[in-house]
Amino acid sequence: KRHLISAADLTHDDATLILDTAEELARIAGRSIKKLPTLRGRTVVNLFFEDSTRTRISFEAAAKRLSADVINFSAKGSSVSKGESLKDTALTLQAMGADAVVIRHPSSGAPHRLATSDWIGGSVVNAGDGTHEHPTQALLDAFTMRRHLAGGPGGGPTFHRGPGDGTGRDLAGRRITVVGDVLHSRVARSNVALLTTLGARVTLVAPPTLLPIGVEHWPCEVSYDLDRALAGCDAVMMLRVQSERMNAAFFPTEREYSRRYGLDGTRMAALPEHAIVMHPGPMNRGMEITAEVADSGRCTAVEQVANGVSVRMAVLYLLLGGNEPAVTTHRTEES
Ligand code: CP
């Protein structure tokens with residue numbers, strides 16, 4: 001495949017290949033080999049029309065660790081603020097020889113539009129589009145779950161290892177509870193698609209006003225009872241309340257929200273012993289998650305960021321360098 005637009009496009013084999021490649025790349029980085037020559041001479045453009053900390057920085061780190069040249073484009077301060085269109089921006093990037101464009105955009109469908117246009121010749125990677133999808137976030141979340149819940153093939157973290165298959169490859173039957181602002185969450189959409197492809201069972205918990213129309217057709221369960229959904233889960237993923245996309249009329253008061261849908265120390269203590277607490281970031285401390293939980297050893301938010309670099313390296317490698325010999329056969333450079 002030339003592009004990564006949607007987690008829903010990935011087969012079980014596709015996703016497993018990406019996750020296994022990320023594991024291999026993480027293993028190499030663990031041997032203090034910080035840079036691989038795989039994408040030398042290739043250019044990756046980070047095209048961000050919306051704010052980002054984690055995704056933009058980790059795509060940049062991933063591309064650089066594969067020796068690609070990186071151009072960072074932020075709509076703020078660019079000619080987009082003078083009204084330049086996506087098409088003309090893309091044509092400008094094409095003229096600079098972009099081999100891959102990593103795009104974040106407030107409009108759902110913008111990466112698909114770019115990938116199906118003839119404006120750009122290279123691969124397109126969706127780094128989050130509107131409320132639609134954020135496939136690399138779902139991949140790094142699955143990578144993190146595999147390490148904790150199924151055991152890491154490279155001897156990954158052993159913290160609270162759950163009843164996995166012991167190979168580090170299988171999330172089949174794992175129970176994942178996703179909580180919060182599902183309505184606005186591209187992270188939730190991508191996770192539901194990817195986790196179910198990998199065989200996990202997903203339960204969404206949200207206020208009725210923060211569930212999208214048609215959610216009953218998603219391949220997951222829906223519950224309004226957080227405590228019940230936490231009782232038997234292997235991982236709980238707290239979603240950010242997206243105030244910037246919120247119609248205030250649909251939102252309970254902050255106090256009511258955190259009481260009914262927030263994760264605090266008492267709820268965390270009621271989780272199964274092996275269960276992990278996830279958050280894609282950025283976090284609203286005191287809203288969907290208390291500082292006590294966010295800073296606890298069970299919360300993988302910072303580890304998820306670190307895993308994001310390996311996963312994004314794998315995606316760029318497979319899209320741009322996948323015909324090269326296997327990663328481990330490349331001559332490597334000590335940084
Ligand atoms: N999780 C995530 O996408 O974070 P950023 O918005 O900081 O990239």
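What follows is a quick chat about the fold, a few residues and the ligand.

Me: What kind of model is this?

Reply: It is a predicted model.

Me: How many helices and strands does the protein chain have?

Reply: The protein chain has 11 helices and 9 strands.

Me: And how many residues count as buried, as a percentage?

Reply: The protein chain has 335 residues, and 48% of them count as buried.

Me: What about contacts between residues at least 6 apart in sequence? What share join residues at least 24 apart?

Reply: That share is 77% in the protein chain.

Me: How is the chain divided into domains?

Reply: There is domain 1 (7-131 + 307-329) and there is domain 2 (135-304). Their C-alpha centres lie 25 Å apart.

Me: How many residues are in contact between them?

Reply: On the domain 1 side, 25 residues are in contact with 24 residues of domain 2. On that side of domain 1, α1, β4 (123-129) and α11 each supply at least two residues. The largest share, 9 residues, comes from α1.

Me: What classes of residue make up that side of domain 1?

Reply: The side of domain 1 that touches domain 2 has 11 nonpolar, 9 polar and 5 charged residues.

Me: Let's stay with α1. How far apart are its end C-alpha atoms, and why does that agree with a helix of 19 residues?

Reply: Helix α1 covers residues 12-30, and its end C-alpha atoms are 27 Å apart. At 1.5 Å a residue, its 19 residues should span 27 Å, so the two values agree.

Me: Which residues of α1 are buried?

Reply: Ala 15, Ile 18, Leu 19, Thr 21, Ala 22, Glu 23, Leu 25, Ala 26 and Ile 28 are buried in α1.

Me: What do they pack against?

Reply: The buried residues of α1 pack against α5 (135-149), α6 (186-197) and α11.

Me: And what follows α1?

Reply: Ser 32 follows α1, and its phi is positive, near 70°.

Me: You mentioned α5. Is that helix mostly covered or mostly uncovered?

Reply: Mostly covered: 15 of the 15 residues of α5 are buried. From its first C-alpha to its last, α5 reaches 20 Å, close to the 21 Å expected at 1.5 Å a residue.

Me: Now the largest nonpolar core. Which of its residues touch the most other members?

Reply: Val 101, Ala 142, Val 236 and Leu 316 do, in a core of 96 residues. Helix α11 (residues 301-320) gives the largest share of this core, 10 residues. Domain 1 and domain 2 each contribute at least three residues to this core.

Me: What does Val 236 touch, leaving out residues up to four places away in sequence?

Reply: Val 236 touches Thr 177, Val 179, Leu 230, Leu 263, Leu 271, Ala 275, Val 277 and Met 278.

Me: New topic, helix α8. Is Glu 256 buried or exposed?

Reply: Glu 256 is in helix α8 (residues 254-261). Glu 256 is exposed, because 12 other C-beta atoms lie within 10 Å and a residue with 12 or fewer counts as exposed.

Me: And Tyr 261, buried or exposed?

Reply: Tyr 261 also lies in helix α8. Tyr 261 has 22 C-beta neighbours inside 10 Å, so Tyr 261 counts as buried. The cut-off for buried is 20 or more.

Me: What does Tyr 261 touch, beyond residues up to four places away in sequence?

Reply: Tyr 261 touches Val 179, Gly 180, Val 205, Pro 207, Leu 226 and Glu 288.

Me: Which residues are around the ligand?

Reply: Ser 52, Thr 53, Arg 54, Thr 55, Gly 128, Gln 137, Pro 280, Gly 281 and Pro 282 are around the ligand. By class, this shell has 2 nonpolar, 6 polar and 1 charged residues. Domain 1 and domain 2 each give the shell at least three residues.

Me: What kind of peptide bond joins Gly 281 and Pro 282?

Reply: A cis peptide bond joins them, with omega about -5°. Pro 282 lies in the loop between β9 (276-278) and α10 (291-294).

Me: Last one. Where is Ser 67?

Reply: Ser 67 is in the loop between α2 (54-65) and β2 (69-74). Phi of Ser 67 is positive, near 70°. Ser 67 counts as partly exposed, with 17 C-beta neighbours inside 10 Å.

How values were computed
Residues are numbered from 1 along each chain as its sequence is written. This is a predicted model: local features need pLDDT of at least 70, side-chain atom pairs count only at pLDDT 80 or more; totals for chains, interfaces and linings use all residues. A nonpolar core is a set of buried Ala, Val, Leu, Ile, Met, Phe, Trp, Tyr and Cys residues joined through C-beta atoms within 7 Å. Helices (H or I, at least four residues) and strands (E, at least two) are DSSP runs, numbered from the N terminus. Domain bounds come from an automatic or database domain assignment. Two residues are in contact if their C-beta atoms, placed from the backbone, lie within 7 Å. A residue is near a molecule or strand if its C-beta atom, placed from the backbone, lies within 6 Å of it. Ala, Val, Leu, Ile, Met, Phe, Trp, Tyr, Cys and Pro count as nonpolar, Asp, Glu, Lys and Arg as charged, and the others, Gly among them, as polar. The expected span of a helix is 1.5 Å times one less than its number of residues.
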